[in-house]
Amino acid sequence: MEVIIQSSTEQVVELAAQLTAARLRAKPDLVLGLATGRTMERVYDRLVAMHRNDGLDFSRATSFNLDEYIGVPAEDEHSYRWYMSNHLFQRVNIDRARTHVPDGMAADLSAAATHYEALIQKAGGIDLQLLGIGEAGHIGFNEPLSALMSRTRDKTLTPTTRAQNAAMFGGDPEQVPKRALTMGVGTILDARELLLLATGAAKAAILAQAVEGPITAMVSASAIQLHPRCKVVVDEAAAARLQGREYYQWVFANEPEWADFRQ
Ligand code: F6R
């Protein structure tokens, strides 16, 4: 794992967008794993700007989103399909038929989950998976006690997560759906590369547990420690509780592979 500490949220966003764009340019038929949430909104804005200004081409890319609320139709502005359409899909030249979000409206959620896994396999697996981290320690919606080998399935959201996402539901946690269909921790670990982003002081404690604490199903994000190709990009506020801050900064400043990404 590499931890990259940037001095501002803008720089976290820029580095994440630059890295995603570099992978897409190197492999135009990239299979991208996508996340929603506030952290990602600005990354998508930046990718849209790169598409418009620099011709970043999504036409051959395929995407798989991490998760979707159960019981929220795609056309509802609270759905993650709606979020993705508005923040990215409608604004770049991605082929809509190659964008995938779990079907939270499926009558048979278990069949929908199995089908989602099969679609990822058929696409050849995920090349680069973007991740945020929830205050409950989740990646995707893998809430505490999610098995580290879990696959796509439905999960009950914690009160912490429903409170975290309440702002999108008029500020009322009770309005946040109780369940979601999410890629499993095992599904996420199968991606060939992981890029986890965290910004803001509210993430500092859980980020430190995920990166430097024990690997535990209580903090599903800690499973990223098992991944051979994982980058964690954070701002100073989110990095505040990391013990190894100075070492991580030194590595980023000195590793030749990061020369193009230093700002
Ligand atoms: C969203 C997702 C979540 C979020 C996480 C952080 O698809 O899978 O794990 O990435 O909850 O959300 P924000 O960025 O809103 O803090």
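This is a predicted model: local features need pLDDT of at least 70, side-chain atom pairs count only at pLDDT 80 or more; totals for chains, interfaces and linings use all residues.
Local features require a pLDDT of at least 70 and side-chain atom pairs count only at pLDDT 80 or more, whereas totals for chains, interfaces and linings use all residues. Residues are numbered from 1 along each chain as its sequence is written, and side-chain values use heavy atoms, with hydrogens and water left out.

The ligand is surrounded by 15 residues, the closest being Thr39, Asp67, His138, Gly140 and Lys203; a residue belongs to this group if one of its heavy atoms lies within 4 Å of the ligand. The shell comprises four nonpolar, eight polar and three charged residues. In this division Ala, Val, Leu, Ile, Met, Phe, Trp, Tyr, Cys and Pro are nonpolar, Asp, Glu, Lys and Arg are charged, and the others, Gly among them, are polar.

A polar side-chain atom of Asp67 is 2.6 Å from a ligand oxygen, and one of His138 is 2.7 Å from a ligand oxygen. Gly132 contributes a polar backbone atom, 3.5 Å from an oxygen atom of the ligand. On its own the ligand has 410 Å² of accessible area, of which the protein covers 96%; such areas come from the Shrake-Rupley method with a 1.4 Å probe.

Arg151 is found in the loop between β6 (128-131) and β7 (153-156), the strands being DSSP runs (E, at least two residues) numbered from the N terminus. Arg151 and Leu32 are 119 residues apart in sequence and 18 Å apart in space, C-alpha to C-alpha.

Notes. A polar contact is a pair of N or O atoms within 3.5 Å; within protein, one must be able to donate a hydrogen and the other to accept it, and residues adjacent in sequence count only if both atoms are side-chain atoms. Helices (H or I, at least four residues) and strands (E, at least two) are DSSP runs, numbered from the N terminus.
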